Amino acid sequence: MLRLNRKFMQKSVEHFMKNQCVITKNHLTPEISLSILTPECPQYHLPLNTNQYNFEAPFWSIYWSGGQGITRYLIDNIQQFSNMSCLDVGTGCGVSAIALYLLGNNVEVVANDIDGDSLISARLNLELNKNLL
């Protein structure tokens, strides 16, 4: 049986985001603040799996260009998603789900990812944007 200490993992992700990432709006969707790795972060330039934390490469901490394009489309066309249910598969840092949830009109959103740390990251990024409610 495998047991995971989710509290430890959550604290590890929170610590990583606080100490290795930056809060920024310098991306294609500046309506939303994100705690992410950017080229200004030392960890960004290290080889994969080179960190002091208890997780593998934190792919969830990068706002990938494809995700930026999708999220920009969602924000620009937010009215098309009113009164809908949406599933964000591979949520990563959570920004597409956050955009739909916070900017949409009565949109039910489920964020999903194979990496549980991603869901912690998405929740923390959602908390950064509570002011949009």
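Which residues in H2 meet which residues in H3? The legends below start with that contact. This is a predicted model, in which local features need pLDDT of at least 70, side-chain atom pairs count only at pLDDT 80 or more, and totals for chains, interfaces and linings use all residues. Residues are numbered from 1 along each chain as its sequence is written, and side-chain values use heavy atoms, with hydrogens and water left out.

**View 1. Helix H2 meets helix H3.** Gly-67, Ile-70, Thr-71, Leu-74 and Ile-75 come from H2; their partners in H3 are Val-95, Ser-96, Ala-99, Leu-100 and Leu-103. Contact means heavy atoms within 4.5 Å. Helices (H or I, at least four residues) and strands (E, at least two) are DSSP runs, numbered from the N terminus. The two axes come within 9 Å and cross at roughly 10°. H2 is therefore roughly parallel to H3, a label for angles under 35 degrees. Axes are lines fitted to C-alpha atoms, for helices over the stretch in contact, and angles run from 0 to 180 degrees between N-to-C directions. By class, the contact of H2 with H3 has 7 nonpolar, 3 polar and no charged residues. Here Ala, Val, Leu, Ile, Met, Phe, Trp, Tyr, Cys and Pro count as nonpolar, Asp, Glu, Lys and Arg as charged, and the others, Gly among them, as polar.

**View 2. Helix H3 is mostly covered.** Buried means under 20% relative accessible area, exposed over 50%, partly exposed in between (1.4 Å probe, protein chains only). Among the buried residues are Ile-98 and Leu-102. The buried residues of H3 pack against strands S2 (34-36), S3 (85-89) and S4 (108-112), and against helices H2 (65-76) and H4 (116-128).

**View 3. Strand S3 pairs with strand S4.** The pairing is parallel, over 5 bridges. Two strands pair if DSSP finds at least two bridges between them. In S4, Val-109 is the bridge partner of Cys-86, and Asn-112 is that of Val-89. From S3 the chain crosses through H3 to S4, a right-handed β-α-β crossover. Right-handed means that, with the strands pointing away from the viewer, the path from the first strand over the helix to the second runs clockwise. Side chains alternate along S3.

**View 4. Tyr-73 sits in helix H2.** Tyr-73 counts as partly exposed because its relative accessibility is 44%. Leaving out residues up to four places away in sequence, Tyr-73 touches Gln-80 and Phe-81.

How values were computed:
Angles under 35 degrees count as roughly parallel, over 145 as roughly antiparallel, 65 to 115 as roughly perpendicular and the rest as oblique.
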